[in-house]
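Hi everyone, thanks for making time this morning. I'd like to walk you through a structure, so please have it up on your screens as we go.

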Amino acid sequence: MKKTGAQILVESLLAEGVDTIFGYPGGQALPIYDALYDADIRHILTRHEQGAAHAADGYARASGKPGVCLATSGPGATNLVTGIANAYMDSIPLVAITGQVPTSMLGRDSFQEADITGITLPITKHNYLVKDVNDLAKIVREAFYIATTGRPGPVLIDMPRDVSAGETDYTDPGPVHLPGYDIKKDPDPEQVARAVRAIEEAERPVIYAGGGVINANAHVELLKFAEMLLAPVATTLMGLGGFPGNHPLSVGMLGMHGSKYANYAVSECDLLIGVGVRFDDRVTSKLEAFAPNATVVHIDIDPAEIGKNVGVDIPVVGDVRATLRELAGRLQPRLASRWRDKIQTWKKEYPIEFEENGRIKPQEVIREIYNATGGNARITTEVGQHQMWAAHYYTYTRPRTFISSGGLGTMGFGFPAAIGVQLACPGETVIDIAGDGSIQMNIQELATAVSHKLPVKIAILNNGFLGMVRQWQELFYNRRYSYTELDNPDFVKIAEAYGAVGIRVDKKSEVRPALDEALRVDKPVVLDFQIEREENVLPMVPPGEAINNMLG
Amino acid sequence: MRHTLAVLVENNPGVLARVAGLFSRRGFNIDSLAVGRTESPDVSRMTIVVEGDERVLEQVNKQLHKLVDVIKINDITADEYVDRELVLIKVNADPAQRGEVMQIADVFRARIVDLGRKTVTLECTGNDGKINAFEESLRPYGIKELVRTGKIAMLRGTKYTGLQENGD
Ligand SMILES: Cc1ncc(C[n+]2csc(CCOP(=O)(O)OP(=O)(O)O)c2C)c(N)n1
Ligand SMILES: [Mg+2]
């Protein structure tokens with residue numbers, strides 16, 4: 001039976017198990033939208049394509065399934081770009097589909113033509129411009145395969161209008177055959193043996209765990225591995241939740257805004273085991289001084305990550321979960337560790353803390369969010385100081401409960417992501433911890449949340465500043481607050497105008513009652529916490545310093 | 001150090017942009033890049049000459065591997081291989097100088113492919129060193145135009161870097 005390209009696309013999406021997509025229509029996407037009209041796929045109409053990309057990204061991070069977003073050609077496609085780059089930097093499986101001008105019009109600067117495969121070349125794992133409807137089913141299958149296997153990432157499919165409107169016989173494309181794409185899941189036994197030897201010899205091992213642990217669903221294996229070694233576990237921002245934050249071996253986050261005890265542990269360890277990490281500069285700071293006395297073992301599915309930023313003594317290329325299992329199978333559990341005891345004393349000596357006063361402190365708001373939700377919420381964040389406080393003062397014990405823009409640091413990510421998370425996790429509490437600056441970057445998605453009856457909560461830590469930038473100006477630019485103070489709108493009125501609930505909180509004593517109220521209402525709620533305006537995120541590694549050289 | 005890579009890629013549109021984009025994005029230095037069809041119509045072969053230390057080369061290799069269209073990469077620098085490049089040079093040569101230019105051409109086993117009133121166009125093939133020397137010898141006469149193909153290379157003997165596994 002003949003089918004149109006758009007119908008084949010829908011069938012292919014269903015075959016990949018897609019039940020939800022996020023999108024925004026337009027001329028060159030008309031055939032696709034027509035096929036979606038009576039398809040068995042839930043389409044969430046966001047109010048901006050960037051929102052669609054971030055929502056799909058949030059959906060993927062919370063569910064572990066690929067997220068799918070859809071936009072029209074030209075401006076629709078370019079509006080996806082930040083979202084695609086965001087997913088690329090954090091290795092999130094995302095399939096982005098764009099409408100395109102008909103093949104006969106390509107390359108002529110046609111109305112709403114943008115070379116989106118060219119534009120997204122450096123920010124996708126792979127991309128396709130479909131030129132023949134007969135290739136479509138195969139391409140969609142490949143796209144999902146590439147997005148979700150190995151190191152995950154975004155894949156874009158650009159569909160000219162004559163391809164989505166053109167007809168052909170649909171046949172199942174069968175299994176994927178990509179000669180240039182191979183993934184090594186099982187680690188090399190030789191490399192594993194070397195890692196085992198190094199672990200056995202180490203007196204002061206530290207595990208440095210990142211987003212790869214969550215991508216590989218390896219949290220159970222990581223816990224077991226750490227307990228066998230009695231090794232402290234420091235996570236990256238992306239790794240939060242990959243190891244229970246309340247576990248005695250957890251030392252929280254490391255790096256620029258890590259805990260002192262995590263950074264001290266890394267600086268003094270004799271063996272550093274990187275697990276699903278990429279030695280990002282926000283973690284390592286001054287490279288020469290990062291883990292200076294350690295033998296470095298690096299476990300990752302992506303061989304290109306090994307040796308990219310730091311020299312690695314023992315590379316172990318493979319699936320993180322399979323590798324941790326393999327390693328644990330060959331190790332004897334340790335019964336005692338002076339090193340662990342030392343770290344326990346550091347934890348007591350250098351806790352992450354803040355000073356309370358009569359005003360609302362941001363740290364306190366986060367702590368109350370933790371208490372009010374019993375630590376069971378899914379938290380998303382925007383980017384800035386509030387993001388770091390959300391990392392410090394809420395304890396994440398399960399993977400996929402802390403969802404934040406790590407690599408790209410995208411303001412405006414958290415709220416649309418929260419919408420995606422809520423759709424992936426109906427019935428759960430989803431809170432976007434936001435800044436007053438960031439929330440205004442995608443605040444239009446309140447309409448999406450209201451119209452789809454998604455009870456997402458937004459907790460704005462309103463300091464009247466682009467706080468993180470202000471902090472740098474305070475510390476390193478002599479308090480010259482150049483264009484970082486904000487004249488904000490009335491967030492309560494904005495919430496109400498969209499049909500959501502708005503609550504302003506300007507007294508300490510109202511923080512918890514307001515949170516309880518927000519959690520009680522089955523609607524989107526905007527909480528506007530009027531916090532201390534010039535609070536700083538501490539501790540902090542000044543730029544270019546060694547990570548054990550912290551302020552605060 | 002300079003490395004010569006033989007890279008087999010799927011003959012898809014955009015593959016050259018992917019490879020070139022990767023090199024510029026990651027700050028790898030390409031000395032030359034030559035690309036063309038191979039014995040199999042779906043596969044193209046790129047000969048890439050890249051400058052860098054061991055660590056850079058390792059990254060070049062690994063990052064290239066991540067491109068879905070890249071099928072196989074061989075760093076043949078350390079192997080025995082034949083390499084060739086072709087150059088076309090249009091050089092000033094009024095009738096008085098022509099004899100000298102032709103002598104130089106002879107020495108390098110170059111061929112004259114076109115004659116103008118005041119110019120001669122020469123074709124020469126060889127390895128890097130020979131082409132460079134040829135160019136230098138002609139420079140005093142005034143080079144009007146020069147174009148090089150970039151190097152292509154192939155392993156000597158029965159070894160090959162094609163799609164099939166090596167027989168030996
Ligand atoms: C899209 C984007 N633009 C600019 C920045 C640079 N930036 C990083 S943090 C920040 C301030 C964020 O302000 P706000 O959302 O109010 O959070 P706060 O730091 O005050 O908690 C800025 C401008 C960014 N990360 N993303
Ligand atoms: Mg702010």
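Predicted model: local features only at pLDDT ≥ 70, side-chain atom pairs only at ≥ 80, totals over all residues.

From helix H1(A), the residues A:Gly5, A:Ile8, A:Leu9, A:Ser12, A:Leu13 and A:Ala15 touch A:Leu136, A:Ala137, A:Val140, A:Arg141 and A:Phe144 of helix H7(A). What kinds of residues make up this contact of H1(A) with H7(A)? They sort into 8 nonpolar, 2 polar and 1 charged.

For the geometry, a quick reminder: a pair of packed helices is described by the angle between the axes and the distance between them. Here H1, covering residues 5-15 of chain A, and H7, covering residues 136-148 of chain A, pack at about 35°, and their axes are 9 Å apart. The crossing of H1(A) past H7(A) is right-handed.

Now to the place where the two chains meet. On one side there are 21 residues of chain A, in contact with 17 residues of chain B. Together, chain A and chain B bury about 1500 Å², with 50% of that on carbon and sulfur atoms. Which three residues supply more of the area that chain A buries against chain B than any other three? They are A:Leu121, A:His126 and A:Gly180, which supply 31% of it.

What about polar partners? Between chain A and chain B, 7 residue pairs are in polar contact, counting pairs with both residues at pLDDT 80 or more. Sorted by class, the side of chain A that touches chain B has 11 nonpolar, 6 polar and 4 charged residues.

As a general point, side chains of opposite charge can pair when their charged atoms come close. The structure holds 52 salt bridges over all chains, and 1 salt bridge is found across the interface of chain A and chain B. Which residue of chain B pairs with A:Asp302? The partner is B:Lys66, and the closest N and O atoms are 2.5 Å apart. If you want to find this pair on your screen, B:Lys66 sits in helix H2 (residues 54-66) of chain B, while A:Asp302 sits in the loop between strand S13 (295-300) and strand S14 (314-317) of chain A.

While we're on chain B, let me describe how it is built. Chain B has 4 helices and 9 strands. Along the sequence, the pattern of chain B reads β-α-β-β-α-β-β-α-β-β-α-β-β. Its C-alpha atoms fill a box of roughly 55 × 35 × 30 Å along the principal axes.

Last, two backbone details back in chain A. Most residues other than glycine have a negative phi, and most peptide bonds are trans. A:Arg400 has a positive phi, near 65°, and this residue is in the loop between helix H17 (385-393) and strand S16 (402-403) of chain A. Is the peptide bond that joins A:Leu538 and A:Pro539 cis or trans? The bond is cis, with omega at about 0°. A:Pro539 belongs to the segment after strand S20 (525-530) of chain A.

Key:
Residues numbered from 1 in each chain as written. Chains lettered and ligands numbered in written order. Heavy atoms only, no water. Axes fitted to C-alpha atoms, helices over the stretch in contact; angles between N-to-C directions. Left-handed = near helix turned anticlockwise from the far one by under 90°. Contact = heavy atoms within 4.5 Å. Nonpolar A, V, L, I, M, F, W, Y, C, P; charged D, E, K, R; others polar. Buried area = accessible area lost by both parts, 1.4 Å probe. Salt bridge = Lys/Arg side-chain N within 4 Å of Asp/Glu carboxyl O. Polar contact = N/O pair within 3.5 Å; in protein donor to acceptor, adjacent residues only side chain to side chain.
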